[in-house]
Amino acid sequence: MRPTVTILITTKDRKDELGRALESALIQTDVDEILVFDDGSSDGTGAMICSRFPSVRYERSAAPLGIVAARNRAMHLARGSVVVTIDDDCEFQSRLTVHNTLKDLAAHSRIGAVAIPHINVNLSPVVHSVAPRADGTYVLSEFTGCANAVWRELFIKVGGYNPVLWRQTEEYDFCTRLLDRGYVVRRSEERRVGKECRSRW
């Protein structure tokens, strides 16, 4: 049996971008829950989700926690045994992204997380986190917060993200602690280069 899966999106005051992210999440296969954690938005994000995406689970913190603490809180709320995280300005480019990521995650007991291929469209067309060849398992030092999958219980067991760290440093710290426990971050074997996740971080 495949694991249960939550797609997690943490957001604040980006309802238009979030809408596009949710549209791409809703067409994914092998997903049991889509969870939006609203970190104190004041732009009508909750009303937008209620009207346009009634099947999406919506949780909100009235006072902003910050992206790192918000993701930790959301991980504890997620119901899936696997949590796939994307940013609110990120879009899946293939409906099979989650399906293929699950295969990568389940390939070996030491794989604790998978880095999903993605492009930062504001910087360059370079694709990040793609395995160089499809003839083995490739690992790397960290994943990017905008595109990853992790075992939820393992995330909590390792201690989640360190909330005293600033954004885009917490992933490296977490993945280092993951490695210390004997788990690795795997590069995806997805070969549709540039077609997985487009991000504007």
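## Surface and overall make-up

The structure is a predicted model, in which local features need pLDDT of at least 70 and side-chain atom pairs count only at pLDDT 80 or more, while totals for chains, interfaces and linings use all residues. Residues are numbered from 1 along each chain as its sequence is written, and side-chain values use heavy atoms, with hydrogens and water left out.

The protein chain has 201 residues, of which 49% are buried (under 20% relative accessible area, with exposed meaning over 50% and partly exposed in between, for a 1.4 Å probe and protein chains only). Its secondary structure comes to six helices and 12 strands, taken as DSSP runs numbered from the N terminus (H or I over at least four residues for helices, E over at least two for strands). Among contacts (heavy atoms within 4.5 Å) between residues at least 6 apart in sequence, 77% join residues at least 24 apart.

## A parallel strand pair and its crossover

Strands β2 (residues 33-39) and β3 (residues 57-61) pair in the parallel sense over five bridges, where pairing requires that DSSP finds at least two bridges between two strands. Between these strands the chain passes through helix α2 (residues 45-52), and this β-α-β crossover is right-handed, meaning that, with the strands pointing away from the viewer, the path from the first strand over the helix to the second runs clockwise. Within the pair, Phe37 stands opposite Glu59 in β3.

## The covered helix α4

Helix α4 (residues 97-105) is mostly covered, with seven of its nine residues buried; among them are Val98, Leu102 and Leu105. The cover over these buried residues includes strands β1 (5-11), β4 (82-87) and β10 (147-151).

## Aromatic pairs

The structure holds four aromatic pairs, defined for rings of Phe, Tyr and Trp (its six-membered ring) whose centres lie within 6.5 Å, with planes under 30 degrees apart counted as stacked, over 60 as edge-to-face and the rest as tilted. The rings of Phe143 and Phe174 have centres 6.0 Å apart and planes at 50°, so this pair is tilted. Because Phe143 lies in the loop between β9 (139-140) and β10, and Phe174 in helix α6 (residues 170-180), the pair ties together parts that are 31 residues apart in sequence.

Phe143 is buried at 1% relative accessible area, and Phe174 is buried at 0%. Phe155 and Tyr161 form an edge-to-face pair, 5.0 Å centre to centre with 80° between the planes, and both residues are buried. Phe143, Phe155, Tyr161 and Phe174 form one aromatic cluster.
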